[in-house]
Amino acid sequence: MIEKTTLALILASAATNALGSSVMKHAYGGRGDLLSSGVVGAFLKIALNPWIALGLSLFGASFFFMAAALSRAELTFAYPLMSGVVYLLLLVIGFFIFHENITLMRVGGMALIIAGITMLAAQS
């Protein structure tokens, strides 16, 4: 059985990672191809966007939580669990916040991911 603290660290890593990705989507989603103005133009668009500090802070927090979790759990357990939870959170955020289309294939893929996470958790 996984320790509560370890699970909390993995879930905190997943939540801050999903929020960081959502901030990036908010900052750039639906505004055309970021690279349409070239690599230098894309770099400037990213560097000058005020949402970047928040997104980077969230990704940094995710890194911190995962580093702490990895000091307590196996990589082959912690990282797949975190990634699966991120995907689940992003599926929900994408649907409710960004109004993205959730297809039957995505739902089926999520079911497989949840089954895999359950198998990982049962082994620990």
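This is a predicted model: local features need pLDDT of at least 70, side-chain atom pairs count only at pLDDT 80 or more; totals for chains, interfaces and linings use all residues.
Helix H4 makes the largest contribution to the patch, with four residues. Ile114 belongs to helix H5. Its relative accessible area is 40%.

The loop between helix H4 (75–96) and helix H5 (104–123) contains His99. This residue has a positive phi of about 55°, although it is not a glycine. Most residues other than glycine have a negative phi. His99 has a relative accessibility of 66%. The cut-off for exposed is over 50%, so His99 counts as exposed.

The chain as a whole is helical in its assigned elements. It has five helices and zero strands. From the N terminus on, the order is α-α-α-α-α. The C-alpha atoms fill a box of roughly 50 × 35 × 20 Å along the principal axes. Of the 124 residues, 28% are buried. The accessible surface comes to about 8,000 Å². Carbon and sulfur atoms account for 74% of that surface. Among contacts with a separation of 6 or more, 75% join residues 24 or more positions apart.

Helix H3 covers residues 51–70, 20 residues in total. From its first C-alpha to its last, H3 reaches 29 Å. This is close to the 28 Å expected at 1.5 Å a residue. The buried residues of H3 are Ile52, Gly55, Leu58, Ser62, Met66 and Ala69. Seen down the helix axis, these buried residues fall within an arc of 135°, so they line one face of H3. The cover over them includes helix H1 (4–28), helix H2 (38–47) and H4. The face of H3 turned away from the buried side carries exposed residues. These are Ala53, Leu56, Phe63 and Phe64.

Notes. Residues are numbered from 1 along each chain as its sequence is written. Side-chain values use heavy atoms; hydrogens and water are left out. Helices (H or I, at least four residues) and strands (E, at least two) are DSSP runs, numbered from the N terminus. Buried means under 20% relative accessible area, exposed over 50%, partly exposed in between (1.4 Å probe, protein chains only). The expected span of a helix is 1.5 Å times one less than its number of residues. The arc is that of the directions from the helix axis to the C-beta atoms. Contact means heavy atoms within 4.5 Å. Accessible areas come from the Shrake-Rupley method with a 1.4 Å probe; for residues, only the protein chains shown count as cover.
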